[in-house]
Amino acid sequence: DTGSAAATPIDPRFDIAYVTPVTIGTPPQTLQLDLDTGSSDLWVFSSHTPASQVRGQRIYAPDKSTTSKLLNGHTWSITYGDGSGSRGNVYTDKFTIGGVTVKSQAIETAQQVSSSFTTEDAIDGLVGLGFSTLNTVSPNGQLTFFDNAKPNLDSPVFTADLKYMKPGTYDFGFIDKTKYTGEITYVPVETDPGYWTFTSSGYGVGSGTFSSSPITGIADTGTSLVYLPTAIVTAYYRQVQGATNSRSYGGYVFPCNSTLPAFVFGVGEAKFTIPPSYMSYAAVTDGSPTCFGGLQSSSGIGVNIWGDVALKAAFVVFNGEEPPTIGWANK
Ligand SMILES: C[C@H](Cc1ccc(C(C)(C)C)cc1)[C@H](NN)c1nnnn1Cc1ccc2c(c1)OCO2
């Protein structure tokens with residue numbers, strides 16, 4: 001098997017998250033889900049989600065699928081690092097992304113979602129593409145779509161080609177040579193506790209010197225921004241006129257008309273440049289002259305996160321061979 005599916009930003013003004021069309025059940029029900037390499041639960045808004053918590057999301061109705069089966073006595077409950085979360089029960093059903101089908105995928109149906117999911121009407125759920133060890137289904141943990149699909153994929157990989165303010169693609173089972181330039185640099189992945197954890201070889205601010213120092217963090221398609229150690233973040237914003245670390249806005253902000261330097265990060269011998277446009281994430285509120293930075297401190301999180309702001313500067317290969325590795329290429 002091989003497959004390809006679009007990754008479309010949910011907001012035309014800034015890249016909060018990307019959604020991908022998937023089909024579930026028989027006849028196929030189409031939902032727009034957020035593929036998330038930083039978690040490992042596949043959950044959806046469903047006919048079990050209270051109407052008061054559904055605001056325009058598409059839902060999966062297992063009772064309308066002839067191939068759905070309740071996974072008796074199984075429940076799930078997840079809390080994300082930003083404080084949002086959801087919980088519910090579990091079915092198995094046919095699940096397809098970009099033409100790659102898993103005949104019996106665990107589909108976690110939401111019986112409760114937190115307010116931030118209710119308000120995000122463009123996201124009908126998440127597809128966890130982290131390692132299955134992180135799956136929250138109890139009493140028996142379930143496999144991710146990638147783990148289920150892997151044996152039937154031509155190659156045990158998926159790739160992310162996210163783009164700035166326009167649709168990109170997720171490919172499954174093959175590496176599309178037309179999507180990158182030069183060579184792919186592969187580095188080891190630490191699979192404990194279950195993220196795609198790798199070590200970057202260093203960073204540089206704008207045209208400044210490159211600092212070769214190991215930065216261990218997770219490649220996370222489900223997180224919008226980049227979260228790095230405070231020392232790196234202060235070095236970056238020192239170069240931005242009027243930048244401050246705002247308690248009220250919860251991070252570094254600056255005047256939207258400031259000139260921003262690029263941010264360079266290393267993977268092995270390779271270097272990747274996040275252009276200034278990606279580094280200004282969004283106005284703090286619509287029309288405000290104050291902008292929120294695409295690079296923020298990881299000190300409150302406990303892990304460094306290479307989110308979409310970094311991922312869309314590269315073509316990234318999530319290699320599920322044993323041992324797993326992650327590959328980065330320019331594009
Ligand atoms: C936050 C997402 C998971 C999510 C995605 C989308 C949404 C909305 C639809 C409601 C917009 C909420 C949640 C992330 N996924 N790996 C995640 N899941 N668990 N940890 N992380 C990474 C992290 C951890 C902590 C942090 C953070 C990020 O941003 C700010 O503080």
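Student: How many helices and strands are there in the chain?

Tutor: This is a predicted model, in which local features need pLDDT of at least 70, side-chain atom pairs count only at pLDDT 80 or more, and totals for chains, interfaces and linings use all residues. Residues are numbered from 1 along each chain as its sequence is written, and side-chain values use heavy atoms, with hydrogens and water left out. Helices (H or I, at least four residues) and strands (E, at least two) are DSSP runs, numbered from the N terminus. The chain holds 5 helices and 25 strands.

Student: What share of the 331 residues is buried?

Tutor: Buried means under 20% relative accessible area, exposed over 50%, and partly exposed in between (1.4 Å probe, protein chains only). Here, 57% of the 331 residues are buried.

Student: Why is Gln111 classed as partly exposed?

Tutor: Gln111 is placed in that class because its relative accessible area is 34%. The residue belongs to strand β7, which covers residues 100–113.

Student: Which residues are in contact with Gln111, leaving aside its neighbours within four places in sequence?

Tutor: Contact means heavy atoms within 4.5 Å. By that rule, Gln111 touches His48, Pro50, Arg87, Gly88 and Asn89.

Student: How far apart in space are Gln111 and Ala243, C-alpha to C-alpha?

Tutor: The separation of Gln111 and Ala243 is 42 Å in space, C-alpha to C-alpha, and 132 residues in sequence. For the chain as a whole, the C-alpha atoms fill a box of roughly 60 × 45 × 35 Å along the principal axes.
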